[in-house]
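Thanks for making time this morning. I would like to walk through the ligand site and then the metal site, taking the contacts one by one.

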Amino acid sequence: MNDAGLAESAAEDLKWHDAMNALQPGNRLLRVVEEEVYEGRCLAKIPVALGIREPAYNRRLNVPASALERGELSIRRQAAPTPKWRNARGFEPSTKTLATAVGAPAVTREEVFSGDPYNNVSENIFSKMGRNLHHQEDHPLGIIKNVIWEYFDTLDGKAFEKFDDLKPIVSTEMNFDQVLVPKDHVSRSPNDTYYVDEETVLRCHTSAHQTETLQQGHDRFLVIGDVYRRDTIDATHYPVFHQMEGVRVFEPAEWEAAGVDGTEFAAKELKETLEGMTRHLFGNVEMRWVDAYFPFTEPSFELEIFFKGEWLEVLGCGVMQQQILDGAGGEGKKAWAFGLGLERLAMVLFEIPDIRLFWTEDERFTKQFKAGDFTPGGAGIKFQSFSKFPPCLKDVSFWVNDEFTENNLCEQVRNIAGDLVENVVLIDDFTNKKINKRSNCYRITYRSMERSLTNEEIDALQEKVRETMAGEMGLELR
Ligand code: FA5
Ligand code: MG
């Protein structure tokens, strides 16, 4: 990469928001950072620019197309030493310029809002697509991603390949069928999953990419991305979150040498690898393995970490069902797979109390995290909570009808109030035997992370919620 190329690619200096909005399919958002290196040690990282890179630059800069498709753009330039710097310090440094892709191609409105009657994606969800929090290296999710990558780079043998901008819109085939999710599994229901049309979904887990990546011939890899689920609302659940998938394939010679069968070998290796990863992140932390069930693994486990007086599930994993591996060109081999929630790990690690905070642009949050401050095992960064604004509680009671689900209610509340809703909890449930009707009462907690809310605005939101419940949801309010 020459200087002119760099200058042009970063020509448009933009604010993050404008840049995201200006992104076109095929473009990438770049953060250009200059690293000053002396004797192999990075002395300084200087953000130079945030700019839009158009496909034309990619060709000019001679970046392999495959790397761009995967968003693995990391151009290092061995630049001429800056004379000023050399003079000041009396030795000659080398300057590397790293251009890192920090935003993947934006997903277009047309791709998401298909007009299909099966479509159940909301504006609120669409507004989160393309934010790619995991591409921001100083964001808690970017920090966790990089620390885990670093761990997998230290494992013996061949490095794990990394994919962090595979498109979140996938076929039901990829999301469900390829990983053997039964036809009648609840996760296929539009109550749980966002559908673009009957055959296309917003992926609900990164496992959707297992088969295609294996088919491409990769035998140890990590996939990181945003995943989408219609879910309840509380401090540890959010309808958009980030997962990292890991897959590793073994050859028969490996378990034969150990004198155990393939499944036992893979299960043991899996647990050791993930325990190592957890220690790399946390140092000493209380963790435990729990038996679990996933359609795509057998045996299956979940790892839980002790957080704020409770066990919090942070990942699921297991030995890959042979049928998946066989169907992807891995006959006769064995593999393990895991899927972890980046937010959950970040919450424990940095003591972040509410999952909504990951999405805030409030500098009192974003400025607290710097990639360089993190020390594996020693944590280093702890979130200092800024003043909590008072909550505002509103109850709504109604007679339940056949179509009612909690996920639907949460989705409607989220559409109306966005991140101002902290949680939605069922506080009363009874059946009136005489009239044979069931009554529910939900308590909605509204609270902003950034400011005090006024009574008027909460009343207006709550009124809209009630109107939607009585109208669209067909509920009889009490
Ligand atoms: C899965 O998604 C499996 N695909 C994981 C897996 C992969 C298992 C490969 C075996 C082999 P699960 O639904 O439990 O599993 O989600 C995995 C992790 O995502 C959870 O452990 C949790 O850390 C996180 N998670 C799940 N739901 C949410 C949510 N609504 N908000 C934030 N994090 C969540
Ligand atoms: Mg789970």
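Let me start with a contact to the backbone: a polar backbone atom of Val314 lies 3.1 Å from an oxygen atom of ligand 1, a polar contact here being a pair of N or O atoms within 3.5 Å. The protein buries 94% of the 680 Å² that ligand 1 exposes when taken alone, with areas from the Shrake-Rupley method and a 1.4 Å probe.

Before going on, please note that this is a predicted model, in which local features need pLDDT of at least 70 and side-chain atom pairs count only at pLDDT 80 or more, while totals for chains, interfaces and linings use all residues. Residues are numbered from 1 along each chain as its sequence is written, chains are lettered from A and ligands numbered from 1 in the order written, and side-chain values use heavy atoms, without hydrogens or water.

Two further contacts involve Gln243, with a polar side-chain atom 3.1 Å from an oxygen atom of ligand 1, and Tyr238, with a polar backbone atom 3.3 Å from a nitrogen atom of ligand 1.

Turning to the metal, which residues are the protein donors of the magnesium ion (ligand 2)? They are Glu302 (OE) and Glu313 (OE), lying 2.3 to 2.7 Å from the ion, where donors are N, O and S atoms within 2.8 Å of the metal (3.2 Å for Na, K and Ca), and, because water is not among the atoms, the site may look incomplete. Glu302 counts as buried because its relative accessibility is 16%, the limit being under 20%, whereas Glu313, at 36%, counts as partly exposed, between that limit and the 50% over which a residue is exposed.

Methods: Buried means under 20% relative accessible area, exposed over 50%, partly exposed in between (1.4 Å probe, protein chains only). A polar contact is a pair of N or O atoms within 3.5 Å; within protein, one must be able to donate a hydrogen and the other to accept it, and residues adjacent in sequence count only if both atoms are side-chain atoms.
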